[in-house]
Amino acid sequence: KLNGLDFAVADLSLAEAGRTQIRLAEHEMPGLMSVRREFAESKPLKGARVAGSLHMTVQTAVLIETLVELGAEVRWVSCNIFSTQDEAAAAVVVGQGTVDRPQGSSVFAWKGESLEDYWWCTDQLFQFSGGKGPTMLLDDGGDATLLVHKGVEFEGAGGVPQPEDDDPEDYQLLLRTIATSMSQDPQRFTNMAKDIRGVSEETTNGVKRLYQLAREDALLFPAINVNDSVTKSKFDNKYGIRHSLPDGINRATDTMLGGKTAVVCGYGDVGKGSAEALRGQGARVLVTEIDPICALQAAMDGLEVVALERVLASADVFITTTGNFNIIMADHMAQMKHNAVVCNVGHFDNEIDMAGLARIPGIVKNEIKPQVHEWTFPDGHAVLVLSEGRLMNLGNATGHPSFVMSNSFTNQTLAQIELFTKAVNYGKDVYMLPKHLDEKVARLHLDALGVELTRLTKEQAEYIGVDVDGPYKLDHYRY
Ligand code: NAI
């Protein structure tokens, strides 16, 4: 704690380097900067205590400082142990102050946290000054939301959670975090949840968890699905990954992609962006899919759709993008070419069977550099696994570029304003932002690209049955 501000980051002296990058990012984030200007006077988040769990990058720093400019008090953690940019975290803590007298926001995040650190940080998220909890959650992948929901569940049942040895390590640590909390205050999460007006969720996996909770009637507060705003998933997931996937592979391995065979598992939004990037590099791209529609899309895009098992021995690079688990198993990696690159850009690390890989008798793990490991099998062949199977575009590179994240984070900011100021309009369910706001987010990014938008005439608008000022499509339109 320094100058009344609690935080845990790698090195505050990196703040100046972070600030320079934030300044450049602001120029590339016209949506967020325009929202700052629009709400400069009204400060719609005044009084909000926002607990954010989302990759602590330079772009996220611009989001955090936007929320603060709109009146919120903010605490932040990263939603992944490798994704923090330490200079960005330091700059957010220092804010307008100095390294000795920081005046920014409380951040608990550093690159290379252990899983224990991760859950400790996530718990810090809820400890606002004066013993208060958050009034808003902003989540990416749903871990902060999960902690609150599981906490309330165990507190309601009255039994302190007991992790089992065969529970995944992550889940054991979550339960231990709740057990510690219950030993100090048996109703902490229950009381906290009452003050939370809502959560806005960033990504596909987190949104899936929210719909599951809503179906089970177990959602404790309203949620806005930011991921499925068109200006989020059709931009960040696709064009963002098109930028950051090859960036991660290059920084990690410097392997030539042109001429190589790359397998993309999953042809959703992230898979489409991945395939396009790899094709752009001259790689031969193969796709695996379980959904006939996405498989047909891949085929129509000129890609070969294959069963993973058939191409294990011939492909050079494997990328999982499914949001599902057990996609590339240890047994698969045992059959790959020497030095095949194996990596994941789906939200959780269970797409690649890292635990199974570590259990192979006689396997040797050698660190080439942080977040790049050579796993050598007893037969002498090796695979290169990036970021220990976690999101490699954030672990090996710096995630998506500012311009595309401006779209995502403008949606996030509008969702926070909506839930905080109009909580009474929302029940305990999952909602989307209305289409006119989606179109607004896109509109805010046109000038920067020199786009000349055609304006409908009144007659044309009447002919196609829309308003001249939009929305221009019905809700079911798929873009
Ligand atoms: P999506 O639902 O559009 O695509 C996933 C695709 O994987 C679907 O088409 C599905 O049919 C397919 N799939 C499921 N199981 C499969 C299996 N066993 N084999 C082959 N294909 C399978 O989801 P989206 O938006 O593309 O997101 C994918 C993942 O990426 C999620 O975990 C999401 O949270 C994450 N994400 C990561 C980002 C990053 O920066 N790395 C950015 C945005 C999302």
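Trainee: So at what angle do helix H2 and helix H17 pack?
Mentor: H2 (residues 30-38) and H17 (residues 402-421) pack at about 35°, and their axes are 7 Å apart. Axes here are lines fitted to C-alpha atoms, for helices over the stretch in contact, with angles from 0 to 180 degrees between N-to-C directions. Helices are DSSP runs of H or I with at least four residues, strands are runs of E with at least two, and both are numbered from the N terminus.

Trainee: Before I go on, what kind of model is this?
Mentor: This is a predicted model: local features need pLDDT of at least 70, side-chain atom pairs count only at pLDDT 80 or more, and totals for chains, interfaces and linings use all residues. Residues are numbered from 1 along each chain as its sequence is written, and side-chain values use heavy atoms, with hydrogens and water left out.

Trainee: Back to the helices. Which residues in H2 and H17 meet?
Mentor: From H2 you have Pro30, Gly31, Leu32 and Val35, and they meet Phe403, Ser406, Phe409, Thr410, Thr413 and Leu414 in H17. Contact means heavy atoms within 4.5 Å.

Trainee: New topic: how far does H9 reach?
Mentor: H9 (residues 204-215) has twelve residues and reaches 17 Å from first C-alpha to last, close to the 16 Å expected at 1.5 Å a residue. That expected span is 1.5 Å times one less than the number of residues.

Trainee: And which H9 residues are buried?
Mentor: Asn205, Gly206, Val207, Leu210, Leu213 and Ala214. Buried is under 20% relative accessible area, exposed is over 50%, and partly exposed is in between, using a 1.4 Å probe and protein chains only.

Trainee: What covers those buried residues of H9?
Mentor: The cover includes helix H6 (143-157) and strands S5 (198-201), S6 (223-225) and S15 (430-431). Just after H9, Asp217 takes a positive phi of about 60°.

Trainee: Why is the pair of Phe108 and Trp120 edge-to-face?
Mentor: Because their planes are at 75°, with the ring centres 6.0 Å apart. Phe108 sits in strand S3 (residues 106-108) and Trp120 in helix H5 (residues 115-124).

Trainee: Is Phe108 buried or exposed?
Mentor: Phe108 is buried at 2% relative accessible area, while Trp120 is partly exposed at 43%.

How values were computed. Rings of Phe, Tyr and Trp (its six-membered ring) pair if their centres lie within 6.5 Å; planes under 30 degrees apart count as stacked, over 60 as edge-to-face and the rest as tilted.
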